[in-house]
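Biologist: I have not looked at this one before. Could you walk me through it slowly?

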Amino acid sequence: MSCLHPLHATRRPPRFRLAETTPAVLEFEDSRTTSSELQIVSRTGGMLSLSNPVDQGSLVTLMFRTHKGLVFATAEMLCPLSQNRQPFRFVELKEDDQRKLQAAFLTGFYRNIQEEEWIEELRSAIVNWNPPRRRRHFSKAVLAAVTLATLCLSVLYVFSAHLR
């Protein structure tokens, strides 16, 4: 098994919201199991929907199915966000399971939450965009003066050509 190390990058890895209900099973060290539903997943962890929260810091074997196959991982349960939503982080994930998870991300069956947030921000910016009004560089008086000068030069040219 390969251990997953914390990322040194400042950006968090893309999170994917599952479009379909994805059952997951947690197996505890004493062989007890509980069912849950995988709501969000990334390459470093995710979010589970549980009937009751699991003790923070508990190490569990997490099993869930992707359309690329079953994924088995050792996960650490993090602080619950609510009575039925609890995040986790992967502690160990076999290379084969990492490949299945990555392949599942690439197929488009999962929605990238970060991309969706960027798209919504862009939509909001477009709706609320108020472009600055361009200031006209030439005033009407300057435009009139240039037009008059052009007309005068044209008249002078015609007269000079006629007098020759």
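Predicted model: local features only at pLDDT ≥ 70, side-chain atom pairs only at ≥ 80, totals over all residues.

Biologist: What pattern does the protein follow along the sequence?

Modeller: Reading along the sequence gives β-β-β-β-β-β-α-β-α-α, with three helices and seven strands in the protein; helices (H or I, at least four residues) and strands (E, at least two) are DSSP runs, numbered from the N terminus.

Biologist: What share of the residues is buried?

Modeller: Buried residues make up 26% of the 164 residues. As for contacts (heavy atoms within 4.5 Å), 58% of those with a separation of 6 or more link residues 24 or more positions apart.

Biologist: Which residues in the largest nonpolar core touch the most other members?

Modeller: They are L26, L48, L62, F64, M77, F88 and F90, out of 20 residues in that core. A nonpolar core here is a set of buried Ala, Val, Leu, Ile, Met, Phe, Trp, Tyr and Cys residues joined through side-chain atoms within 4.5 Å. Two or more residues each come from strand 1 (16-27), strand 2 (33-41), strand 4 (59-66), strand 5 (69-77), strand 6 (85-93) and helix 1 (95-106), and the largest share, four residues, comes from strand 5.

Biologist: Take L48 then, what does it touch?

Modeller: Leaving out residues up to four places away in sequence, L48 touches a list that includes A24, L26, L38, Q39, L62, M77 and F88. Of these, Q39 is found in strand 2 and is partly exposed, with a relative accessible area of 21%.

Biologist: Changing topic, how many salt bridges does the structure hold?

Modeller: It holds five salt bridges, each being a side-chain nitrogen of Lys or Arg within 4 Å of a carboxyl oxygen of Asp or Glu. K100 pairs with D96 at 3.5 Å between the closest N and O atoms, and K100 also pairs with D97 at 3.7 Å. Salt bridges that share partners join D96, D97, R99 and K100 into one network.

Biologist: Why are K100 and D96 separated by about one helical turn?

Modeller: Because they are four residues apart in helix 1.

Biologist: Is D97 buried or exposed?

Modeller: D97 is buried, with a relative accessible area of 5%, whereas R99 counts as exposed at 51%.

Biologist: Last one, which residues make the nonpolar surface patch?

Modeller: L148, L151, V155 and F159 make a patch of about 400 Å², and F159 lies in helix 3 (residues 140-163). Patches are made of residues with over 30% relative accessible area and no salt bridge, with like charges joined within 9 Å and nonpolar side chains (Val, Leu, Ile, Met, Phe, Trp, Tyr) within 5 Å. The areas come from the Shrake-Rupley method with a 1.4 Å probe, and for residues only the protein chains shown count as cover.

Conventions: Residues numbered from 1 in each chain as written. Heavy atoms only, no water. Buried < 20%, exposed > 50% of the residue type's maximum accessible area, 1.4 Å probe, protein only.
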